[in-house]
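I opened the model to look up how its parts touch. My notes follow.

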There are 4 protein chains.
Amino acid sequence: MEKTRIGIINVTGYTGIELARLLYQHPYAELTSVTGRSAAGQKLNIVFPHLAAFDLTIETELGDVDVVFSALPHKESARECAPLVKKGLRVIDISADFRLNNPQDYPTWYSFTHPVPELLKEAVFGLPELYHSQLPSARLVANPGCYSTGAILALAPAVKKGLVEPDIIIDSKSGVSGAGRVLSLGTHYPEANEDTFAYALEGHRHLPEITQELNLLNPKQKHSITFNPHLTPMTRGILSTCYASLLPGKFAGGKKGIEELRQLYSDFYQDKPFVRIADESPHTKQTWGSNFCIIYPTISPQSGKLIVISCIDNLVKGAAGQAIQNMNLMLGLPETAGLQALPVYP
Amino acid sequence: MEKTRIGIINVTGYTGIELARLLYQHPYAELTSVTGRSAAGQKLNIVFPHLAAFDLTIETELGDVDVVFSALPHKESARECAPLVKKGLRVIDISADFRLNNPQDYPTWYSFTHPVPELLKEAVFGLPELYHSQLPSARLVANPGCYSTGAILALAPAVKKGLVEPDIIIDSKSGVSGAGRVLSLGTHYPEANEDTFAYALEGHRHLPEITQELNLLNPKQKHSITFNPHLTPMTRGILSTCYASLLPGKFAGGKKGIEELRQLYSDFYQDKPFVRIADESPHTKQTWGSNFCIIYPTISPQSGKLIVISCIDNLVKGAAGQAIQNMNLMLGLPETAGLQALPVYP
Amino acid sequence: MEKTRIGIINVTGYTGIELARLLYQHPYAELTSVTGRSAAGQKLNIVFPHLAAFDLTIETELGDVDVVFSALPHKESARECAPLVKKGLRVIDISADFRLNNPQDYPTWYSFTHPVPELLKEAVFGLPELYHSQLPSARLVANPGCYSTGAILALAPAVKKGLVEPDIIIDSKSGVSGAGRVLSLGTHYPEANEDTFAYALEGHRHLPEITQELNLLNPKQKHSITFNPHLTPMTRGILSTCYASLLPGKFAGGKKGIEELRQLYSDFYQDKPFVRIADESPHTKQTWGSNFCIIYPTISPQSGKLIVISCIDNLVKGAAGQAIQNMNLMLGLPETAGLQALPVYP
Amino acid sequence: MEKTRIGIINVTGYTGIELARLLYQHPYAELTSVTGRSAAGQKLNIVFPHLAAFDLTIETELGDVDVVFSALPHKESARECAPLVKKGLRVIDISADFRLNNPQDYPTWYSFTHPVPELLKEAVFGLPELYHSQLPSARLVANPGCYSTGAILALAPAVKKGLVEPDIIIDSKSGVSGAGRVLSLGTHYPEANEDTFAYALEGHRHLPEITQELNLLNPKQKHSITFNPHLTPMTRGILSTCYASLLPGKFAGGKKGIEELRQLYSDFYQDKPFVRIADESPHTKQTWGSNFCIIYPTISPQSGKLIVISCIDNLVKGAAGQAIQNMNLMLGLPETAGLQALPVYP
């Protein structure tokens, strides 16, 4: 069987090289073309020594491929992806440019007017656990934000089943690679090491996509989400701690209620190969380098609050791995193809 | 002027050696006696090379001193401290044994019956920003827990001023030294490095002291606290992110309301030398090695929730530094004596 | 084709679980039996959540298998492996018990008398780049130490080709996982984080195997090795910096000489899939999670000294990955089977 | 007594702010003026929140001061310092511009022609342990490089006493703050975390000052130094491991020889308040935040090589602390004034 030819636009960021790393082991797909501006003309294996196994040159234009991953920044990505989709290529956009259904959100949250609003209707939100059935026919997939992935997966069962009040708090702790490969003082090693801080308190850009998806899961209530991301001194990983008030009468009291809750979560994700409901508070390290999302739902014995914790590797399930999972479903391949590596631990 | 003679019971933990480090520069106090079981008979400067400047032997019994810091584990500490207090020594207990006013809380939260419940009434909760006036005459001070310090300081103005509903969420991120010097798999370097996780979801022992103090600050309402601590891969630092619903009509909308809030916090702590109200989201590293607590209160523009973030060094303001601050006030010394070192940055 | 059945004795250390992680993706081998004392009777996927994909119970005795990896501590391993070899199983011992050819070295370096000295003659030193031809028929393979792997691979070309004087310095920097999963104060997170130190200056146990192998590579000279390991605050990785004096007349001066040296190294390892000769100073992170060894040989322009730097992941090429590479060659499988994952970067 | 007025040129780098941090506690000196280009016009306490205790504006020109610290980059520093020295100010230059005695070394190592070569003769190399007597009258002090400080202090006794052959290897491991506050990919957190590598193998700029000083310590032999710096994932600290061949007949064999060696080192540094000769292999963390240099000299039992390990905090004894130590001696103050804080541990 011939392998599907894959292209990556803007391979030189962390998501781009993570796509390359993961695709190297994919049984049905082969990375055949990569582009990038800063390093155009250089060999991929020279710029990124961990990709020594590849014999590809970073080009300015994509070659002939069947599927395209765009790892461009927002605004640019929409402009580059639109003609490719129209040309008949299947496109997975890692940027935010096709995640929000409402074109008005782009000026508000991203300070630009969407150049191809008509594609927003067609684009599938690429969270395979929720949009499984729409992916096989999708031409354009909007890969969710890293925070959004962890938060929505943590909350989807509770929201979908109508268990909680609409006022939800999401407190996320991310590794530094989530800030990308572009240099900044906040990600300079001596500043970021041995430090934890909250940022984007005035409103993080993943908030509208989280809100949009939770509202779609339970259209009967309008969710008010307080989303607060933090940076912690590690390279990979996002742990999201979600808090919500349970509606009365949903669960038994005490441990029995917690068991019912866990069963409900297990049932919700029962056929999802990358989601695991844990019996104990999970660690980001338990997902390191893998496409797994571990979810731990519980109820505080003191306050009665619902607490749901999720862990992902922000560069895999939060970006490149999920993009490949989407591709697998778009192409009718096994959902786990190329993604079977276990987490690297410790 | 003769220096006050200081003794430390159980110097060999992280709080004990941090007390020694800080006392080395104290202008009015001198560490003259230290005890410890595991290392009894050994020289302090040999067991802890960073304390090379000391010429003290770790003894099994305290020598003649004026003030005692007990860094014993809970239950043992109460037993050791009680006779010292009765003998007329002034005692600062770092353990939890005198923090809770209600003796019934000890069997519930610490699995032992309090041996000297009568001392609970007398003990002052050693958060100097709240109990300033009671410290000069105190014979026994209960140094607060590290998480409690950060959380109570973050919430005290809002609670005391009656700004918020009683349902409060505290999401804390701590460095690993908070778990102490006793070995465990969770604090083994390859396990704790590059990892973040939540723990004690069934109820952390600092919860009752946080609840007790918030209830005392606003006795009109009974607070329901969801306190959720996390471990992050750094040695020192606690960042607590606190969430509460503002009662209606307390502040103007938008940025003006945030300014009013910040002013209220600044006024509340205006004469407190170790509390600083920040204009920007603070970093734990900005307190590293120092006794400062940085507090950042804000209002989410999207959800309208009150968010208050506090940062401390868990071993200084969260333990040894606060203990010395308490001692200073007990002895009528300047509150900042021995605690003037700036944070070590980066 | 039926998969080879694999057993791991003492799976509960870091090498044991790394073997399990890597074997999960092996196309021709299947982990079917694991033993361990501390966790006997428990499920592998419960004790190690990152191994959730396995459905194996940790037993006290091995089941029926074709190949055994022993991850026991030294002394115990020899006792357990000997009967298995005699029974006809093919055994790869991760411990040091069959690495040293001279039985007298065991009392000297490991404080025990070797129980089966006759097996020392038969055991193959499992560095596949040097012992490739002896592995297919081997019944018993002694997997080299992690430091030894990096140091010998760095020095083998220079020593074998007679380029250097026998007085060699090896300065190694290791991540903390090399110290294993057993708790100790030195590997307690708050102690090991933000710290670098040298240890075993009185003689590290990997020294005799390094010396033995270098002497075998060039029996004309007796090497005097100064081997000095350091611990650095990272989980995985060993960087070894090796210094030796070049014999006169071996290379041209200046950059030409460095190119000649690099060519010699490239030729030496030309058909070795896991060794890469780098053009730039390599990073341990470029091997993270993979079986690669990156080697960078150069000549100091100032002092004329030969400097060779090697990088490995201590748990993969330094332990579990190399063990699987040995197994592949023992079984006539492709050398890279199950080991094709690229390094996880960043 | 009036405090000496201190100015810092280019306060905005890590050495500049470390000077400010340390000067804050100096009993006889007061920071009264700071300059900086990038942040000119801003308040020092706003740009650097850990310096909240200062009420200074970052200016473009120094105000009236008695002593100047220049934390400018090389080449610029010489140009700025020269007129200040000629004006009668006492100047401590943190850059390399006055460290090398031979003006010819500047084009070779720093690619510029020295603008004031006449000042090179006058400048004192600011390693107080070696140049103690010249500092009181010095107008211009060249603060040594961070690596140079650790390496020269480690080797000075052995070289001065003529114990070793001239062929010396220095393998140094540095924390990332040594690379400064300027952004680069190599110091981007996700790249530098969990990584160790060697750099500047073609010749690091601290090599000529190390060679110069060792040659001055023992002019009878011309030293051939192989200096190889590495970056390790920590913020602060340099550990230098130095290797040399002992000349025959200098010490007894075995442990007795090691004791003689240690005694010789202790005698050499007996009245030096910041140098401590350790009995055990030291940790960089034991110097964290302090001006101490810990030195551990030993002899390899296997190879007979001299090994000397030194640890410093690169920003304190390796830069700002040493600069203040120099200032103290220039001004006739106690050598330890303002530098008495113990290391922060853990």
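I began inside chain A: 19 residues of domain 1 of chain A are in contact with 23 residues of domain 2 of chain A. Contact here means that the C-beta atoms of two residues, placed from the backbone, lie within 7 Å. I looked up which elements of domain 1 of chain A give two or more residues to this side, and found α4 (105-110), α6 (128-131) and α11 (316-330) of chain A. Helices (H or I, at least four residues) and strands (E, at least two) are DSSP runs, numbered from the N terminus. The largest share, five residues, comes from α11(A). By class, this side of domain 1 of chain A has ten nonpolar, six polar and three charged residues. Ala, Val, Leu, Ile, Met, Phe, Trp, Tyr, Cys and Pro count as nonpolar, Asp, Glu, Lys and Arg as charged, and the others, Gly among them, as polar.

I noted the source. This is a predicted model: local features need pLDDT of at least 70, side-chain atom pairs count only at pLDDT 80 or more, and totals for chains, interfaces and linings use all residues. Residues are numbered from 1 along each chain as its sequence is written, while chains are lettered from A and ligands numbered from 1 in the order in which they are written.

I checked the domain bounds next. Domain 1 of chain A covers 4-144 + 318-330, and domain 2 covers 147-314. These bounds come from an automatic or database domain assignment. The C-alpha centres of the two domains of chain A lie 25 Å apart.

Then I turned to chains C and D. Their contact takes 42 residues from chain C and 42 residues from chain D. β10(C) gives the most to the chain C side, with five residues.
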